[in-house]
Amino acid sequence: MKDCQAMPSLQRKAAGMPPLRELFDTHPARGTIFRASGAGITLDYSKQRVDAEVLQALAQLAEQSGFEAERARLLAGEAVNKTENRAAWHTALRVPADQQTAAQSCVEEQLQRMEALVGKVQAGVWRGFSGKRITDVVNLGVGGSDLGPLMVTHGLREHAEPAGRALNVHFASTIDGSQLFDLLDRLNPETTLFIISSKSFTTIDTLSNADTVRSWLASHCNDETLLLRCHFIGVSAAQDKMTAWGLPAENQLYFWEWVGGRFSLWSTIGLPIALALGASVFRQLLAGAHAMDEHFRTAPLLQNVPVMLALLGVWNVNFLDIRAHAILPYDGRLKYFPSYLEQLEMESNGKSVNQAGEPLDYATCPVLWGEIGANAQHAFYQLLHQGTQAVASDFILAACRYEATAHIAYHEQLLAQHQLNIANCLAQSRVLAFGDAAVAADDTPWRRYPGNQPSSTLLLERLDPRSLGALIAAYEHKVFTQAVIWGINPFDQWGVELGKQVALQLQPLLNNSGAASAAKLDTSTRALALSIQQQQASEQDNGGKA
């Protein structure tokens, strides 16, 4: 990035960039011009601290980074994941069946297998070990195998087909067993189906939960073959490991090594989405993502929603030195969207070496966090408005809601609440940009709002399967575009591996079988492990009583 010819111009512009108040005073119409639209989403970036010259230089930066060639390689399924020598072809997962190439036909085959399983469960054909129909489904996964399906099923629940509404779909991901402890205490083993979602089928978090479930079921039925056939479905890229765990072939769904975990909800990892919402809703989600793929592929850079999200992020991080980014959906249905983006962006672009393995001397991904905007107003917005650091924000808003509730007695009140929600969203972005210039100024120091906090607003007509699919895909392509500009690989995650390895090394010590290796540990870890052992021994001596 630092060798691109656009850099000096961008650095010069950043040093003298006027505040947002002045940008609007100079160019009052920027609110109708500084925007891009595609796949049903409008991006208003007029409250970002950019002007036309900055935008042209950012587009030049992308071009000089080789973005267009890398985009073509990504969409063609070439090996853009260089450290693992494989493709990152998640876009192939949402290509319509009648447009798939021979290399993509495996996608439709697995989708149809998934839909057949969904049909059996929803119709009551799939039965538990005692012959009762399935009423509850629990997805056992972590990371991309959990966050994506959880976010979508929650976000689109009101769009669920009747057969999906009849199922209760749950998620358990934590390795400590706390979620399972709560679920198993109230679920019926005769009517509960478990999905084991793991790309490698070696993820310790997921398999630990699966083993606990297996033991729970075995305490109610001693026919293990029957339990495996009736109560487990595996979703993985490792067919042999699913078979070794005991899953029959007809209970296995596959995806491929070229599907990254955090990009996998479009694959059979989306099984809980299809079960909870219906197969046709899942197909609409794919269609929305594909529409954004086509927009990303064809739209000019400065009219391209994902590219603009990326360029604005690079501008804020590398030129305005803004290292924090808030995701603020003004829609309770998007409760889990900030968490989903935290993984998507920070696990992808949280890198400090380039594609050649050389250390970087510039920043990459900012710290992301977020919350439903109307709730966040009463929590961390204080820092956004009057804190000491700059924060960039994305506001996400649906223009229309509750049209289908006319039959409900409190329909008018719901519509009024939605209007109030919209007013709050627009007000917050306005005050962040202009501070107390947006209202009557107050000279009291602790009531002053400095403003000049940049933000973008992503406007959807309504939140439905197609628009959510497009929104997710837009952020995926944003991540890729930024990675190209930063010269990093967004598709590996070596940084998460070492902690897992060390945890496996420490486990014997906690079980009193690793004393010989304890001397190799740092004093902090060794002392903590000893304290834990002592407290656990005391608990056992007291018979588990506090």
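## Around Gln 343

Set aside the neighbours within four places in sequence, and Gln 343 is left touching Gly 143, Gly 144, Leu 147, Arg 262 and Ser 348. Keep in mind that this is a predicted model.

Where does Gln 343 sit? Its place is in helix H16, which covers residues 337–349. And is Gln 343 buried or exposed? With a relative accessible area of 12%, Gln 343 is buried, because the cut-off for that label is under 20%.

## How the chain is divided

The protein chain splits into domain 1 (6–64 + 299–490), domain 2 (90–283) and domain 3 (497–545). Taken over C-alpha atoms, the centres of domain 2 and domain 3 are 34 Å apart.

## H6 against H14

Now for a helix pair. Two packed helices are described by the angle between their axes and the distance between the axes. Helix H6 (residues 105–123) packs with helix H14 (residues 279–298) at about 150°, and 10 Å lies between their axes. As for handedness, the crossing of H6 past H14 is right-handed.

Which residues make the contact? On the H6 side they are Glu 108, Leu 111, Gln 112, Met 114 and Glu 115, and H14 brings in Ala 279, Phe 282, Arg 283 and Leu 286.

Definitions and conventions. Residues numbered from 1 in each chain as written. Predicted model: local features only at pLDDT ≥ 70, side-chain atom pairs only at ≥ 80, totals over all residues. Heavy atoms only, no water. Axes fitted to C-alpha atoms, helices over the stretch in contact; angles between N-to-C directions. Helix = DSSP H or I, 4+ residues; strand = E, 2+ residues; numbered from the N terminus. Left-handed = near helix turned anticlockwise from the far one by under 90°. Contact = heavy atoms within 4.5 Å. Domains from an automatic or database assignment. Buried < 20%, exposed > 50% of the residue type's maximum accessible area, 1.4 Å probe, protein only.
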